Amino acid sequence: MVSIATPFLHVHYTERWFSWPNIILTAPVPIAVAAVAALLLRSLANKWDHQPFFLSLALFALSYAGLGISMFPYIVPQSITIWQAASPENSQLFMLAGVAALIPLILGYTAWAYWVFRGKVRAGSGYH
């Protein structure tokens, strides 16, 4: 419902989504949202284990893609652009260095924790 309503919130959004050259680039997003939603409902009905998680992630990413298409380059609609809201370059480089150091550590620790606890729980066991 949000994907259907968003293009009609502002005239600028409607022009971006439905004007002729743009519609070729923007049409894949709502088509992909409908396809992923249908696959998500089917995977939930079939009680598949992993597919609903990844389809939910895809639906979440597509939602942000739709918002990005609608609002770009503004962060706060029609008032502050991405470049006006960005922090100074020195701050961004400092954060990049921190992220570059910490993300591999977090991913490594998480992978190690999953490796240590693999096979400890069997299907059907638990508090059901």
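This is a predicted model: local features need pLDDT of at least 70, side-chain atom pairs count only at pLDDT 80 or more; totals for chains, interfaces and linings use all residues.
Tutor: Start with a term: buried means under 20% relative accessible area, exposed over 50%, partly exposed in between (1.4 Å probe, protein chains only). At 52% relative accessibility, Phe53 is therefore exposed. Phe54, at 51%, is exposed too.

Student: What kind of aromatic pair do Phe53 and Phe54 form?
Tutor: Edge-to-face, with 5.2 Å centre to centre and 70° between the planes. Rings of Phe, Tyr and Trp (its six-membered ring) pair if their centres lie within 6.5 Å; planes under 30 degrees apart are stacked, over 60 edge-to-face, the rest tilted.

Student: How many aromatic pairs does that rule give?
Tutor: The count is 5. One of them is Phe8 with Phe18: the centres are 5.6 Å apart and the planes at 25°, so this pair is stacked.

Student: Where do Phe8 and Phe18 sit?
Tutor: Phe8 is in the loop between α1 (2-5) and α2 (11-18), and Phe18 is in helix α2, 10 residues apart. Helices (H or I, at least four residues) and strands (E, at least two) are DSSP runs, numbered from the N terminus.

Student: Is Phe18 buried, partly exposed or exposed?
Tutor: Partly exposed, at 44%. Phe8 is exposed, at 56%.

Student: New topic. Which ring does Arg118 lie over?
Tutor: Trp115, at 3.8 Å from the ring centre. The rule: NZ of Lys or CZ of Arg within 6 Å of the ring centre and within 35 degrees of the ring normal.

Technical notes: Residues are numbered from 1 along each chain as its sequence is written. Side-chain values use heavy atoms; hydrogens and water are left out.
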